[in-house]
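Q: I would like to learn how to read a fold from its atoms. Can we work through one example, feature by feature?

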Amino acid sequence: GTYSSGKLGSVAISLTPRGEYHVNQDYPISVALSGDTALQFPKPQMGKAECAEFNEKLARFDVPVTPQQAGKHELTAKVKFAVCSKENCVPDERTLALALAVE
């Protein structure tokens, strides 16, 4: 998307399980946000209650972010989740990085 200095924007983080796996409905899914000093996060920690969409096929967070200056800035999100099949559940943690181009 397009981001403007001083204006609230949003970044979508989605978990979509593959194949026979589904999102574990009971696992405490979370997103921890960080970034360079030009990025401000109204909610630096988000949990299941903050999911924009949460079901067995998809867990999506709409992450609010306000860039404070123009340029390229890196946002990092540490996502904790679990996906399950009929046989087992797999807890996991992934770190995502996104470069935001700010006007």
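This is a predicted model: local features need pLDDT of at least 70, side-chain atom pairs count only at pLDDT 80 or more; totals for chains, interfaces and linings use all residues.

A dialogue on this model follows, from overall fold to single residues.

Q: Where do we start, and how many helices and strands are there?

A: Then list the secondary structure. The protein chain has zero helices and nine strands. Read from the N terminus, the elements run β-β-β-β-β-β-β-β-β.

Q: What box do the C-alpha atoms fill?

A: Taken along the principal axes, the box is roughly 50 × 20 × 20 Å. Next, look at burial. Of the 103 residues in the protein chain, 35% are buried.

Q: What share of the contacts links residues 24 or more positions apart?

A: Count the contacts with a separation of 6 or more. Residues 24 or more positions apart account for 69% of them. One pair illustrates the spacing from sequence to space. Asp 26 and Ala 82 are 56 residues apart along the chain, and their C-alpha atoms are separated by 8.9 Å. Lys 43 and Asn 55 are 12 residues apart in sequence and 22 Å apart in space, C-alpha to C-alpha.

Q: Where are Asp 26 and Lys 43 placed?

A: Both sit in loops. Asp 26 is in the loop between strand 2 (22-23) and strand 3. Its relative accessibility is 72%, so Asp 26 counts as exposed. Lys 43 is in the loop between strand 4 (39-40) and strand 5 (45-47). Lys 43 has 40% relative accessibility and therefore counts as partly exposed. Leaving aside neighbours within four places in sequence, Lys 43 is in contact with Leu 33 and Glu 50.

Q: Which residues of the largest nonpolar core touch the most other members?

A: The general idea comes first. In soluble globular proteins, nonpolar side chains tend to be buried together. Here the largest nonpolar core has 23 residues, and those touching the most other members are Val 31, Leu 33, Phe 61, Val 65, Leu 75 and Leu 100. Two or more residues come from each of strand 1 (9-15), strand 3 (30-35), strand 7 (59-67), strand 8 (71-84) and strand 9 (89-102). Strand 8 gives the largest share, five residues.

Q: What does Phe 61 touch?

A: Set aside residues up to four places away in sequence. Phe 61 then touches Val 11, Ala 12, Ile 13, Ile 29, Val 31, Met 46, Gly 47, Glu 50, Cys 51 and Ala 52.

Q: How many disulfides does the structure hold, and which cysteines form a disulfide?

A: Look at the sulfur atoms. The structure holds one disulfide. Cys 84 and Cys 89 form it, with their sulfur atoms 2.0 Å apart. The torsion about the S-S bond is about 110°, so this disulfide is right-handed. Compare burial at the two ends. Cys 84 counts as buried, at 3% relative accessibility. Cys 89 is partly exposed, with a relative accessible area of 44%.

Q: Is His 73 buried or exposed?

A: Read accessibility and partners together. His 73 lies in strand 8. With a relative accessible area of 6%, His 73 is buried. Its side chain makes a polar contact with the side chain of Asp 36, at 3.3 Å. Beyond its neighbours within four places in sequence, His 73 is in contact with residues including Leu 98, Leu 100 and Val 102.

Q: Where is Ser 85 placed?

A: Ser 85 is in the loop between strand 8 and strand 9. Ser 85 counts as buried, at 8% relative accessibility. A polar atom of the Ser 85 side chain lies 3.2 Å from the backbone nitrogen of Glu 87. Not counting residues up to four places away in sequence, Ser 85 touches Glu 20, Tyr 21 and His 22.

Q: How many residues line the largest pocket?

A: Rolling a probe the size of a water molecule over the atoms shows where empty space is left. The largest pocket holds about 340 Å³ of space. Its lining has 14 residues, and Leu 15, Thr 16, Phe 81, Val 83 and Arg 94 lie nearest its centre. Strand 1, strand 8 and strand 9 each give two or more residues to the lining. The largest share, four residues, comes from strand 9.

Terms used:
Residues are numbered from 1 along each chain as its sequence is written. Side-chain values use heavy atoms; hydrogens and water are left out. A nonpolar core is a set of buried Ala, Val, Leu, Ile, Met, Phe, Trp, Tyr and Cys residues joined through side-chain atoms within 4.5 Å. Buried means under 20% relative accessible area, exposed over 50%, partly exposed in between (1.4 Å probe, protein chains only). Contact means heavy atoms within 4.5 Å. A disulfide is a pair of cysteine sulfur atoms within 2.5 Å. A polar contact is a pair of N or O atoms within 3.5 Å; within protein, one must be able to donate a hydrogen and the other to accept it, and residues adjacent in sequence count only if both atoms are side-chain atoms. On a 1 Å grid over the protein atoms alone, a cavity is a set of points where a 1.4 Å probe fits but cannot get out, and a pocket is an open set with protein on both sides within 12 Å along at least five of seven lines; lining residues have an atom within 4 Å of a point. Grid points are joined across faces, edges and corners, and a volume is the space filled by probe spheres set on the points.
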